[in-house]
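Please study the sequence and the structure before reading each solution.

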Amino acid sequence: MQALLKSQKVAVIRPHNCLNATNALEFERELSTMLAQEDVAGLLVDLAAVDSCDSSGLMALVSALKLAQNLGKGFQLDSVSPAIKIVLELTQLDQIFEISQG
């Protein structure tokens, strides 16, 4: 009998510039596609290169978080800039997202 090891990985996505109404739907699709992959155990969203985020961008992140929870996968925000952190705090989304500074 042959033993199979299934390696699960954490996928990393690095959006750039702004997360807004112009690109939020495409961003949400990209997050969903990554989370739907069988070998992905979780998703890390590296926000280091994101300058701003409006309500559409926030909704894309919230939708992806809900999907990750429904699939039993991890979801984490990383390298959140002070400006984005303020938006998350004002909307109290900092309470639902796992945020690291890596």
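**Exercise 1. Determine which residues of helix α1 meet which residues of helix α2, and how the two helices are arranged.**

Solution. Step 1: list the contacts, where contact means heavy atoms within 4.5 Å. From α1, the residues Ala 24, Phe 27, Glu 28, Leu 31, Ser 32 and Leu 35 take part; they meet Ser 56, Gly 57, Ala 60, Leu 61, Ser 63, Ala 64, Leu 67, Ala 68 and Leu 71 of α2.

Step 1: sort the residues of this contact. There are 10 nonpolar, four polar and one charged. Here Ala, Val, Leu, Ile, Met, Phe, Trp, Tyr, Cys and Pro count as nonpolar, Asp, Glu, Lys and Arg as charged, and the others, Gly among them, as polar.

Step 2: describe the geometry. Two packed helices are described by the angle between their axes and the distance between the axes. Helix α1 (residues 24-36) and helix α2 (residues 55-71) pack at about 15°, and their axes are 9 Å apart. Therefore α1 is roughly parallel to α2, a term for angles under 35 degrees. Axes are lines fitted to C-alpha atoms, for helices over the stretch in contact, and angles run from 0 to 180 degrees between N-to-C directions.

The model is predicted: local features need pLDDT of at least 70, side-chain atom pairs count only at pLDDT 80 or more, and totals for chains, interfaces and linings use all residues. Residues are numbered from 1 along each chain as its sequence is written, and side-chain values use heavy atoms, with hydrogens and water left out.

**Exercise 2. State the order of the strands in the open sheet and how they pair.**

Solution. Step 1: identify the elements. Helices (H or I, at least four residues) and strands (E, at least two) are DSSP runs, numbered from the N terminus. The chain has three helices and six strands.

Step 1: order the strands. The open sheet has four strands in the order β1-β3-β5-β6, with parallel pairing. Two strands pair if DSSP finds at least two bridges between them. At the edges stand β1 (9-13) and β6 (98-100), each pairing on one side only.

Step 2: go through the pairs. β1 and β3 (residues 40-46) are joined by five bridges, and Lys 9 stands opposite Val 40. Five bridges also join β3 to β5, with Val 45 opposite Leu 77. Between β5 and β6 there are three bridges; Leu 77 stands opposite Ile 99 in β6.

**Exercise 3. Find the aromatic pair and classify it.**

Solution. Step 1: search the whole structure; one aromatic pair is found. Rings of Phe, Tyr and Trp (its six-membered ring) pair if their centres lie within 6.5 Å.

Step 1: classify. The ring centres of Phe 75 and Phe 97 are 6.1 Å apart and the planes stand at 40°, so the pair is tilted. Planes under 30 degrees apart count as stacked, over 60 as edge-to-face and the rest as tilted.

Step 2: locate the partners. Phe 75 lies in strand β5 and Phe 97 in the loop between α3 (82-90) and β6, 22 residues apart.

Technical notes
Parallel < 35°, antiparallel > 145°, perpendicular 65-115°, else oblique.
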